[in-house]
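Work through the exercises below with the model open. Try each task before reading its solution.

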Amino acid sequence: MSRWTEIGQEKRCITCGEYWPADAEFFEAAKKTRDRLSPRCIACIVEKTWSSVLVAAR
C-alpha cells in the first residue's frame, strides 16, 4: 500500500505498519513486486535477521 504526501510517495511496511518514503534508502530492491521495492522496510529486515542469528546462537 502506498500513499502520496507532501514529501512524495510513501510505502507501508507490512511488518511494522509504518509509512516510509518509497525509495532504496528505506526499502530493498525486489524484482517481483510492481514498484520494485521489498514489502518490508530495511529496519524490519535487519531486526528479523539479527533476532534469527541470536536465537540460533543459543
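Predicted model: local features only at pLDDT ≥ 70, side-chain atom pairs only at ≥ 80, totals over all residues.

**Exercise 1.** List the residues in contact with Cys-13, leaving aside its neighbours within four places in sequence.

*Solution.* Take contact as heavy atoms within 4.5 Å. Cys-13 then touches Glu-18, Trp-20, Phe-27, Pro-39, Arg-40, Cys-41 and Cys-44. Residues are numbered from 1 along each chain as its sequence is written, and side-chain values use heavy atoms, without hydrogens or water.

**Exercise 2.** Find the residues of the largest nonpolar core.

*Solution.* Start with buried residues (under 20% relative accessible area, 1.4 Å probe, protein chains only). Keep Ala, Val, Leu, Ile, Met, Phe, Trp, Tyr and Cys, joined through side-chain atoms within 4.5 Å. The largest such core has five residues: Cys-13, Phe-27, Leu-37, Cys-41 and Cys-44.

**Exercise 3.** Describe the open sheet that three strands form.

*Solution.* Strands are DSSP runs of E, at least two residues, numbered from the N terminus. Two of them pair if DSSP finds at least two bridges between them. The order is 1-2-3, with antiparallel pairing. Strand 1 (2–5) and strand 3 (19–21) are the edges, each pairing on one side only. Four bridges join strand 1 to strand 2 (residues 8–12). Thr-5 stands opposite Gly-8 in strand 2.

**Exercise 4.** Locate Arg-36 and state its phi.

*Solution.* Arg-36 lies in the loop between strand 4 (27–29) and strand 5 (37–41). Its phi is near 65°, a positive value in a residue other than glycine. Most residues other than glycine have a negative phi.

Notes
Buried < 20%, exposed > 50% of the residue type's maximum accessible area, 1.4 Å probe, protein only.
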